[in-house]
Amino acid sequence: LRLILTLCLAAALGATAQDNSRWVSDDVFIVLHAGPGSNYRWLGKLIPGTLLSELRRSTDGNWAEVETDRGTIGWVQAEYLASEPPAQVRLPAVVRQLEEAEREAASLRDALAEMQKARDELRSGLDENSTDLQRVTEELAQLRQVSSSAIETAEANRRLVEEVAGLRT
């Protein structure tokens, strides 16, 4: 189940992620600075899971210029950026997928129970039809025997009528 959820999450998130999208990693928070260094003024704090667009990197690669979804542009330490969403972003999506999978499984269980009930009813009907077929087959055999006797009796009667007619003449 974990593997399925992980694969579903990876597929869902892979479709939405862009090459320059970055998330604040699972640390408590990071500071958005006005320039590429901790000596620059603070523009704000970013909580884990915040989606950012990376614009560029500093020459030493330690700082990244980013833009928030509100349009604020600033610098953060690149080591705190992740190319994949952190757990707290993925978890709600996984929970939704799990709930959906559980609803679908419950629906499939209900459908299976209905199909099994229908199968049992069909089997019961088949048993009744087999019994009726056996009874009709036996009646048919009796009718054949009776009709065979009736034909023999009619033939014997015809011969007797001919004999009587011959005796009268």
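1. A nonpolar core is a set of buried Ala, Val, Leu, Ile, Met, Phe, Trp, Tyr and Cys residues joined through side-chain atoms within 4.5 Å. Buried here means under 20% relative accessible area, exposed over 50%, and partly exposed in between, with a 1.4 Å probe and protein chains only. In this predicted model, the largest such core has 9 residues: Ile30, Leu32, Leu46, Leu52, Ala64, Val66, Val76, Ala78 and Leu81. Strand 2 (30-33) and strand 5 (63-68) are the elements that each give two or more residues to this core.

2. A word on the ground rules. Residues are numbered from 1 along each chain as its sequence is written, and side-chain values use heavy atoms, with hydrogens and water left out. As the model is predicted, local features need pLDDT of at least 70 and side-chain atom pairs count only at pLDDT 80 or more, while totals for chains, interfaces and linings use all residues.

3. Now the overall layout. The protein has 2 helices and 7 strands, taken as DSSP runs numbered from the N terminus (helices H or I, at least four residues; strands E, at least two). Their order from the N terminus is α-β-β-β-β-β-β-β-α. Of the 169 residues, 21% count as buried.

4. Leaving aside residues up to four places away in sequence, Val76 touches Ile30, Val31, Leu32, Leu46, Asn62, Trp63, Ala64, Val66 and Leu81; contact means heavy atoms within 4.5 Å. Across the protein, 49% of the contacts between residues at least 6 apart in sequence join residues at least 24 apart.

5. Next, the hairpin. Strand 5 and strand 6 (residues 73-77) run antiparallel and are joined by 5 bridges; two strands pair if DSSP finds at least two bridges between them. Glu67 has Ile73 of strand 6 as its bridge partner. There are 4 residues between the two strands, and in this hairpin Gly71 takes a positive phi near 95 degrees.

6. How exposed is Ala34? Ala34 counts as partly exposed because its relative accessibility is 36%. Ala34 lies in the loop between strand 2 and strand 3 (42-46), and touches Tyr40, Arg41, Leu43 and Trp75, not counting residues up to four places away in sequence. Ala34 and Gly74 are 40 residues apart in sequence, yet 5.2 Å apart in space, C-alpha to C-alpha.

7. Finally, the charged end of Lys45 sits over the ring of Phe29, 4.6 Å from its centre. The criterion is NZ of Lys or CZ of Arg within 6 Å of the ring centre and within 35 degrees of the ring normal.
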